[in-house]
Amino acid sequence: MRRFLILVAAALLCSCAGRNRYTVEGTVVGDDRTLYLCEGDSICDSTRTDNGAYRFRGSADRPRIVMLYDAPDGSGALHAIVILEPGQIVIVPDSTDEGRFFATGTPSNDAFKHYAEMQEALVEEFRNPATSEERRVEIAQQEMLGLVRRMVQENRDNFFGVQMLSQASTYDLSEQELLDEISLFTPEMQQTEQMVRLKERAELQIRTAVGQPYIDISQPDADGKEISLRSVVENPANKYVLLDFWASWCGPCMGEVPHLKKAYDAFHEKGFEIYGVSLDSNRDKWLAAIRKNDMKWIQVCSFEEFDNQAAREYAIRSIPSNLLIDHEGKIVAKNLRGEELCEKMAELLD
């Protein structure tokens, strides 16, 4: 009986592996050479051409994006974006652009090729001297985004659609709209690592929307003393606390410092405090920026950049970012930039 169960398990594993198998094949002109599949800076597979023909074989337990190169550092003539997923993937040259290649043969790769061709047509029209300025504005502000949205709608059952939703989420989708879009994808695509991260981020952003209670965090200050956000919000002297995410290496962040100083100097005695969370990784540069710019308010840092726990809790994707919290612990405003901060504090405290 035990031997029978082992044989059944082995058969199931082989069956699953068979369903996940892929091949990547094509031909190149010229002398035989070694080709590489690279994911980021890592080589994940290589093969040698034979009379110009080549083939990679493997198993894709999850869809992922790799690059096909004829030089390990990507400096050669062959470049192709390949979405590794089960099926027979064929690399074909672009008929309109010598040196560019497309992956075809599977749903995600075919969808990417279709998108790239339509995007290129819009770019060419935009660059055409005969194109009117009105049409250029339409292409830049409407058609490019419309193309992304269309690709999302047409590819909810494949990994390219996941990538397009990631791109669309950086435009004008609200957090709830993003969650609604995710729910329209197939269960398999909803379980991909990228989609899980998108969903988690959207849920976090909803939790930190205006009107929601703040999330407590705690970070060390320059002396290594842990300071919690709760201790600042619940301090009777503070009516409003600005939770400010910044870094010394961030130019726009440093551009906001004069406005933060102006608000702090004008309203600190009236109950305004700032809890600054730096996403620096270098202690000396962090402290130097604080000293140079005379940033007198509370400053904390864990030296982990965007891996900072506070940044993760508040779904911070870019800086500068800030949230204004009242004495009851409710978020009352977000991303007050420039003069907006002083104007808001004057409205609340004057």
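## Cysteines

In this predicted model, Cys-38 has a relative accessibility of 3%, and because buried means under 20% relative accessible area, Cys-38 counts as buried. Cys-250 and Cys-253 are buried too, and these two residues form a disulfide in which the sulfur atoms lie 2.4 Å apart. A disulfide is a covalent bond between the sulfur atoms of two cysteines. The link of Cys-250 and Cys-253 is right-handed, with 80° about the S-S bond, and the structure has one disulfide by the distance rule.

Cys-38, by contrast, is in no disulfide, and the nearest cysteine sulfur, that of Cys-44, is 6.6 Å away. Cys-342 is also in no disulfide, its nearest cysteine sulfur being that of Cys-253 at 18 Å, and Cys-342 is buried with a relative accessible area of 12%.

## Salt bridges

Side chains of opposite charge can pair when their charged atoms come close. The structure holds 19 salt bridges, and one of them joins Glu-39 to Arg-62, with the closest N and O atoms 3.8 Å apart. Glu-39 belongs to strand S2, whereas Arg-62 is in the loop between strand S4 and strand S5, so the pair ties together parts that are 23 residues apart in sequence. Glu-39 is partly exposed at 30% relative accessibility, and Arg-62 is partly exposed at 39%.

Arg-100 and Asp-94 also meet in a salt bridge, at 2.6 Å from N to O; Arg-100 is partly exposed at 24%, while Asp-94 is buried at 10%. Elsewhere, a network of salt bridges links Glu-125, Arg-135, Glu-138 and Glu-143.

Definitions and conventions. Residues numbered from 1 in each chain as written. Predicted model: local features only at pLDDT ≥ 70, side-chain atom pairs only at ≥ 80, totals over all residues. Heavy atoms only, no water. Disulfide = S-S within 2.5 Å. Buried < 20%, exposed > 50% of the residue type's maximum accessible area, 1.4 Å probe, protein only. Salt bridge = Lys/Arg side-chain N within 4 Å of Asp/Glu carboxyl O. Helix = DSSP H or I, 4+ residues; strand = E, 2+ residues; numbered from the N terminus.
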